[in-house]
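Me: I am new to this structure. Please take a close look at its salt bridges, and then at the strands around them.

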Amino acid sequence: MGSMDSSPVVHSQRSSTRDQVTTREWNDLPSELLPPIADRLGIIELLRFRGVCKDWNFASSTASAEIEALPNRDPWFLLYGENNNSQCTLVTESGKQYIITIPEMDGATCLASSQGWLLVYREGLIFFFCPFSRARIDLPVPTKFPPMGISDHVAVFSTPPTSQDCVVCIICRTNKTDDLELYVIHRGATSWTKHKLNSFPNKIECAAYHNGVFYYFDNTDLMVCFSIKDRSISLGKVRYVKSSNERCIPLRFISNVEKEDMKKRLDLELGDVSTCGTTVSCLNADKMVPYENRANAKGGGTRRSKGVWFQPRFHQIDKMLSW
């Protein structure tokens, strides 16, 4: 077993004598005990577990912090970009705050969040990223992609990036016109396909995916729909069901009361923070948290604070995985 110079020790008293004490290094625990322990830990505890030594890190190579993956759990919040470096503030569901260093978030912009995966744009690259395990999956960069900014680009992906049928769809406005462009890529593809929608002046606020269709919602109950099968764009109007017996898409918008309650419980002041859209997995209907752009707020600069709501997961992937 490997060892660390500053490993903590466990003191246990023998029953046969009150004076004799035996000590044992943490990293000398039987290796077969470690994986079951790691599998029962939440994310913060799992991160600490993995930092004890190389052997403990290896023993937790299949742990996923499933305790945090239960449906209907409120999302956590990651604040980044406020100090022009990789230092981020993590706020858990209970309101506890942690300062963590994530180099991948320095100069980055989150475009979407779902099931613990972030879709990130940074320095001309687009990639999936899990902030806890630091698992990263790079995507091909679109050619002639419009300048990236959280105010202009709304994204959503169909399934986790490790799924063979994962599809990513990014919508953006072109050259300050009323026209919209959609960029779509399937896992295994080497390039993006572009689709255009003319004359849609409304601001896109939410995005979601269901049953082969991407949905983009504005603030007037209109929606832009993109069918993967037909590769076609259409417009529709949101209709709210009045009974659980009615057929509907299992999606719902987060209410202002819910959003303010989330901020209050987490003790967050987000008046000057730009956040990307998030889909929160729930039992009956996934909950959509809208995009909020503060880039044009008074006194804003080019490196304003950004944030992302996300469901905590600890995704681990094969290093040889290619998208």
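Reply: Glu181 has a relative accessibility of 10%, so Glu181 counts as buried. This is a predicted model. Glu181 forms a salt bridge with Lys194, and their closest N and O atoms are 3.8 Å apart. The pair links distant parts of the chain: Glu181 sits in strand β12 and Lys194 in strand β13, 13 residues apart. Lys194 is exposed, at 53% relative accessible area.

The whole structure holds 3 salt bridges. Another joins Glu104 to Arg134, with the closest N and O atoms 3.0 Å apart. Glu104 lies in the loop between β5 and β6, and Arg134 in the loop between β8 and β9, so this pair ties together parts 30 residues apart in sequence. Glu104 is buried, at 12% relative accessibility. Arg134 is partly exposed, at 43%.

Arg136 and Asp138 also meet in a salt bridge, 2.9 Å from N to O. Arg136 is partly exposed at 30% relative accessibility. Asp138 is partly exposed too, at 43%.

Now the strands. An open sheet of 7 strands runs β9-β8-β7-β6-β20-β21-β18, with mixed pairing. β9 (136–139) and β18 (251–253) are the edges; each has a single partner strand, so one side of each lacks a neighbour in the sheet. Strand β8 is joined to β9 by 4 bridges, and the two run antiparallel. Ile126 stands opposite Leu139 in β9.

Leu139 also belongs to the largest nonpolar core, which has 70 residues. Leu139 is among the members that touch the most others, along with Leu119, Phe128, Val168 and Tyr216. The contacts of Leu139 include Ile126, Trp192 and Trp323.

Notes. Residues are numbered from 1 along each chain as its sequence is written. This is a predicted model: local features need pLDDT of at least 70, side-chain atom pairs count only at pLDDT 80 or more; totals for chains, interfaces and linings use all residues. Side-chain values use heavy atoms; hydrogens and water are left out. Two strands pair if DSSP finds at least two bridges between them. A nonpolar core is a set of buried Ala, Val, Leu, Ile, Met, Phe, Trp, Tyr and Cys residues joined through side-chain atoms within 4.5 Å. Buried means under 20% relative accessible area, exposed over 50%, partly exposed in between (1.4 Å probe, protein chains only). Contact means heavy atoms within 4.5 Å. A salt bridge is a side-chain nitrogen of Lys or Arg within 4 Å of a carboxyl oxygen of Asp or Glu. Lists of a residue's contacts leave out its neighbours within four places in sequence.
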